[in-house]
Structures are given as C-alpha cells and as structure tokens.
Amino acid sequence: MRQLGRQAGSALTQTRTVPAPDDLRLELIEVPAGADVALEVRFEAVSEGVLATGTAIAPLAGECARCLAPLTSSVTVGFQELYLYAEGRHDKHEKHDEQEEQDAEGLYHLDGDLLDLEPAFRDAVVLALPMSPLCREDCPGLCAECGVPLADAGSGHRHDAAVDPRWAALQQLSEQGDDKHQDRRTGAIDLQEG
C-alpha cells in the first residue's frame, strides 16, 4: 500500500489474475484450487486505514444436485473490507494479544504496507456458492427406480410396479386364480352357445 500513501481520499485500483486458494467449496460445488480468479480491487485511504472494495470472477466446477451430471460455471462476487493501520502496537506481546482480540471481533489490520485480501474474498465466494447447483433450471433429475437421468430417458420412461418380494407368492396365487376364473368364464360361454 506504499503506492497509495496515507492521504485520506487517495485511491488506487488494481486488476489482477490470481490462483484460487484451496477449500473454496460446498458439498456439490467448488472453485478449483489454483484456477484463475479475475480480481479488480479499489484501495482507498481513509483516516483509520485502507478500505478495499473488490470484485472477483471465479470459475466453478461440481455436479448437479438433481441428476449428478458434471457442471461448470462461474460466480461473480463483490466484497469490501477495512484494514486498520497497525499504529500504537509496539510491544510484540501486546501486539499478539490485541491481534487475537481484534481478530475475534472481525477486524483486519495492515501488516506494514501489506494487507491480506484472502479472508474477505473467501467469505464472499463461499457465501455466493449455490447450495444445490443445477445443470439447468428445469433439470428433471434421476429416475427413482433405475437411476437413469430423466433428461436422457425421455417422456415415455416407465417401470412396471415392482412387487415386494414378501408379497410375490400372493401375487402368483392371484394370477393363478385369475386364470382359473378366466377358464370358467370361457367354459360358461361355451355351454351357453352349445
């Protein structure tokens, strides 16, 4: 932040492509580690420190929540964080105690002329990831019987009613009874005609 200086109101905008950090993921979707992330960040000097306002575009890879097909897309997020000047913290023990206390409060500090954008970027990306990503909005999912993707199976995809194995013997008796009943009716019709 040396280029920015400490004059309140001064600003600097930087555009960079950086590798994505590890573990930007939810269960079904992630930003692949090391993938190119496009960043545009505006740094503004304010009386307390540096205000960083950024936009990031990150690629996504995962699988559809309905049909489990692989999918790729991207996410665009915005983030903003204030990085406080580290003045007044001379003793290392005091600095460590204050740092722990302020980190617990969610405050960030400049480390000399450096600031770490990763925590603000990480929070923004993970919150923007879809909990149930879809390959397309009208994805019909998988067949509950055979697991075939319904988009591939077509509208005529059907299954005969599966019989619980505990009832299979009863179904066989029922079918035998239907055959005997059919034979009796056929015989009765023959008698009437004869």
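1. A nonpolar core, as the term is used here, is a set of buried Ala, Val, Leu, Ile, Met, Phe, Trp, Tyr and Cys residues joined through side-chain atoms within 4.5 Å. In this predicted model, the largest such core has 31 residues, and Phe79, Leu117 and Phe121 have the most contacts inside it. Two or more residues of this core come from each of strand 3 (29–31), strand 4 (36–45), strand 5 (49–63), strand 6 (70–84) and helix 2 (118–128).

2. The overall layout is as follows. The chain holds four helices and seven strands. Along the sequence they follow the pattern β-β-β-β-β-β-α-β-α-α-α. Of the 194 residues of the chain, 23% count as buried. Among contacts between residues at least 6 apart in sequence, 60% join residues at least 24 apart. The chain exposes about 13400 Å², and carbon and sulfur atoms supply 50% of that area.

3. Which residues does Phe79 touch, not counting residues up to four places away in sequence? Phe79 touches Leu39, Val41, Ala52, Thr53, Gly54, Thr55, Ala56, Leu117, Ala120, Phe121 and Ala124. Phe79 has a relative accessible area of 8% and is therefore buried, the cut-off for buried being under 20%.

4. The structure has two aromatic pairs. In one of them, the ring centres of Phe79 and Phe121 are 6.5 Å apart and the planes stand at 75 degrees, so the pair is edge-to-face; the angle has to be over 60 degrees for that label. Phe79 belongs to strand 6 and Phe121 to helix 2, so this pair ties together parts that are 42 residues apart in sequence. Phe121 is buried as well, with a relative accessible area of 7%.

5. The rings of Tyr83 and Tyr108 also form a pair, with centres 5.7 Å apart and planes at 40 degrees, so this pair is tilted. Tyr83 lies in strand 6 and Tyr108 in strand 7 (residues 108–109), so the pair ties together parts that are 25 residues apart in sequence. Tyr83 is buried, with a relative accessible area of 1%, whereas Tyr108 counts as partly exposed at 21% relative accessibility.

6. A search of the whole structure finds four salt bridges. One of them joins the side chains of Arg122 and Glu118, at 2.7 Å from N to O. Arg122 and Glu118 are four residues apart in helix 2, so about one helical turn separates them. Arg122 is partly exposed at 22% relative accessibility, and Glu118 is partly exposed with a relative accessible area of 34%.

7. Another salt bridge is made by the side chains of Glu30 and Arg25, at 2.7 Å from N to O. Glu30 counts as partly exposed at 25% relative accessibility, and Arg25 is partly exposed at 44%. The side chains of Glu44 and Arg42 also meet in a salt bridge, here at 3.8 Å from N to O; the cut-off is 4 Å. Glu44 is partly exposed, with a relative accessible area of 26%, and Arg42 is partly exposed at 38%.

8. Where does Pro59 lie? Pro59 is found in strand 5. Pro59 is partly exposed, with a relative accessible area of 27%.

9. Finally, the surface. Trp167, Leu170 and Leu173 make a nonpolar surface patch of about 360 Å². Trp167 sits in the loop between helix 3 (150–153) and helix 4 (168–193). Is Trp167 buried or exposed? At 51% relative accessibility, Trp167 counts as exposed, because the cut-off for exposed is over 50%.

Note on methods: Residues numbered from 1 in each chain as written. Predicted model: local features only at pLDDT ≥ 70, side-chain atom pairs only at ≥ 80, totals over all residues. Heavy atoms only, no water. Patch = residues over 30% accessible without salt bridge, like charges linked within 9 Å, V, L, I, M, F, W, Y side chains within 5 Å. Areas by Shrake-Rupley, 256 points an atom, 1.4 Å probe, with all protein chains shown as cover. Buried < 20%, exposed > 50% of the residue type's maximum accessible area, 1.4 Å probe, protein only. Contact = heavy atoms within 4.5 Å. Phe/Tyr/Trp six-rings, centres within 6.5 Å; stacked < 30°, edge-to-face > 60°.
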